[in-house]
Amino acid sequence: MEFYQQVLQYLVTGVTLGSIYAIIALGFITIYNVTGIVNFAQGEFVMLGALIAISLYKNQVPIVVAFVGSVMVTTLIGAALQRIAIRPAKGASTLTLIIITIGASITIRGLGLITWGPDPYSLPAFSGDQPIAFGGAAIIPQSFWVFGATIVVLGGLYAFFEWTLLGKAVRACAINVSAARLMGISPSSMALFSFALSAGLGAIGGVVMAPMTLATYDMGSMLALKGFVAAIVGGFTSTPGAVVGGFLIGILESMGAGLISSGYKDAIAFVVLFLVLFLKPNGLFGGRDTGRGGL
Amino acid sequence: MLEVVGVSTYYGQIQALKGVSLSVNDGEIVTLIGANGAGKTTLLNTICGVLAARRGDVVFDGQHVTKLPAERIVRLGISHVPERRQVFGEMSVKDNLILGAYHRYGKEKRAVIDRDLETIFELFPILKQREKQAAGTLSGGQQQMLAVGRGLMSRPRLLLLDEPSLGLAPMLVREIIRIVGELRDRGTTVLLIEQNARAALRIADRGYLIETGRIVLEGTAAELIANPIVQSAYLGKGYHHVS
């Protein structure tokens, strides 16, 4: 019973962690699918989301407004990043663009250090700290917020990509840029949009996780790596893949930390990454291709 | 309607078009015939803005479009149905058609676009049947119809068709060619690229022959069919025109 409870507790923690990784992974693949860029500043969006929300909250802004405000500001920062750093390098190779995002990541982290200093900040939980008992495991209410945010984000993304013209245009751009241009879809606008969307997603992850962890200017790096691993595990182009990858990494990490040793916590994601790359290099959901029919 | 004047296009150091000039008048079907690698697709890609001409000028309805990107040119009324169809394979047939009208949303009434969608379904009833199916699961001929339908959804005044018969069974080739004729009758001007010169010249008003990046011959369809060079090299030995 004791062991079962422990495992259940690790599972709950793992699902919570996994939700965060899934949101970050979705940010990675959104930009990658549209532009071919792996955006290494993805973790910085999470950091900005968390710290801007905290700053707003500290200035007497209600938590809901701080949440929405932070996501909006971070979305604008994502758009600005595309316009300031990526678009001027039009025509550069993808590798160059990826290196630019590494530079952007370091720059944003530096600006974060100047703005917020090196100290950790925290945000109160959205709906109290009283844990809820669940089959012997204790769930802190914030976990529901984190998990709920992931579900809402997924639902929102699905509705957007399936039902709206803009969403369809983004997908068309991801499938075939030159054919999309022939439809009048501007790849540059779609790239701008994908950066804004990814930044918004990262910020949502940052705000909902802020009450559970201490937010610092450099929190983004490790989170981005975990989200990156989750995205690769899921095949790097597939939405369900990114989500499954996120949960897989989160749960394995939590189990490994609890059952083996917490010292290995951060190493587990990379062990999983190696295993996936050795055994199924296209990722669990990668390598899907639809025929061209006759050609 | 379309004037191409002395256009030269390069792929890096390699010159694919060497000062090509041609014109398309309102209501015509003009065909560009030539062998593989002669520069046919390059010319269409230069007209529609996917490739940039290094020299020369492309004028559409009196407006210089040479320097405009593809996503702007389609708004002016030139629609390009690209080679190998290039439908959005993972998306449904209907979504492909809707994206064809992408630039019209917000500018025109939804009802007008919906009516055009119905017109496309009348033109290609098979697409109506497969409306919800992923475009990548259609047969080659159906994908070609979808590509043409998608191109028409932008309501072009000039339609650029790149090898619509490529890889299709002879019966489907005839069907596609018949539809091109029907489009002209409905008021769309067509610039048609074909390796299947025989099929193309059957419906075209005028034609150009392109060889290694240069226009070497031009004339009415009848003149081209009667031309010995065209006959031996592009129509096959023993070809007789049956009127």
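The expected span of a helix is 1.5 Å times one less than its number of residues. Helices (H or I, at least four residues) and strands (E, at least two) are DSSP runs, numbered from the N terminus. This is a predicted model, in which local features need pLDDT of at least 70 and side-chain atom pairs count only at pLDDT 80 or more, while totals for chains, interfaces and linings use all residues. Residues are numbered from 1 along each chain as its sequence is written, and chains are lettered from A and ligands numbered from 1 in the order in which they are written.

**Helices of chain A**

Select residues 239-259 of chain A, which form helix 10. From first to last C-alpha, the 21 residues of helix 10 reach 30 Å, close to the 30 Å expected at 1.5 Å a residue. Of these 21 residues, 15 are buried; a residue is buried if 20 or more other C-beta atoms, placed from the backbone, lie within 10 Å of its own.

Next, select helix 5 of chain A, residues 141-163. Its buried residues include A:W145, A:V146 and A:V153. They pack against helix 1, strand 2 (137-139) and helix 8 (187-209) of chain A.

**The nonpolar core**

A nonpolar core is a set of buried Ala, Val, Leu, Ile, Met, Phe, Trp, Tyr and Cys residues joined through C-beta atoms within 7 Å. The largest one here has 163 residues, and A:A25, A:A50, A:A53 and B:L160 have the most contacts inside it. Helix 1 (residues 2-35) of chain A gives the most to this core, namely 15 residues. Now centre the view on A:A50. Leaving aside residues up to four places away in sequence, A:A50 touches A:G206, A:V207, A:M209, A:A210, A:A215 and A:M219; two residues are in contact if their C-beta atoms, placed from the backbone, lie within 7 Å.

**Where the chains meet**

How many residues does each chain bring to the contact? Chain A brings 21 and chain B brings 30. On the side of chain A that touches chain B, helix 6 (165-175) and helix 7 (177-182) of chain A each give two or more residues. The largest share, 6 residues, comes from helix 6 of chain A.

**Sheets of chain B**

Move to chain B and select its open sheet of 4 strands, in the order 2-1-4-5 with antiparallel pairing; two strands pair if DSSP finds at least two bridges between them. Strand 2 (14-24) and strand 5 (63-64) of chain B each have a single partner strand, so one side of each is left without a neighbour in the sheet. Strand 1 (residues 2-11) and strand 2 of chain B are joined by 7 bridges, and B:E3 stands opposite B:S23. Helix 1 (residues 40-48) of chain B lies across strands 1, 2 and 4 (55-60) of chain B, at about 70° to strand 2; axes are lines fitted to C-alpha atoms, for helices over the stretch in contact, and angles run from 0 to 180 degrees between N-to-C directions.

Then select strand 3 (residues 29-33) of chain B, where 5 of the 5 residues are buried, so this strand is largely enclosed by the rest of the structure. Strand 3 of chain B runs parallel to strand 8 (residues 189-194) of chain B, with 5 bridges, and B:V30 stands opposite B:L191. Strand 3 also pairs in the parallel sense with strand 9 (residues 206-211) of chain B over 4 bridges.

Notes:
Buried ≥ 20, exposed ≤ 12 C-beta atoms within 10 Å, placed from the backbone.
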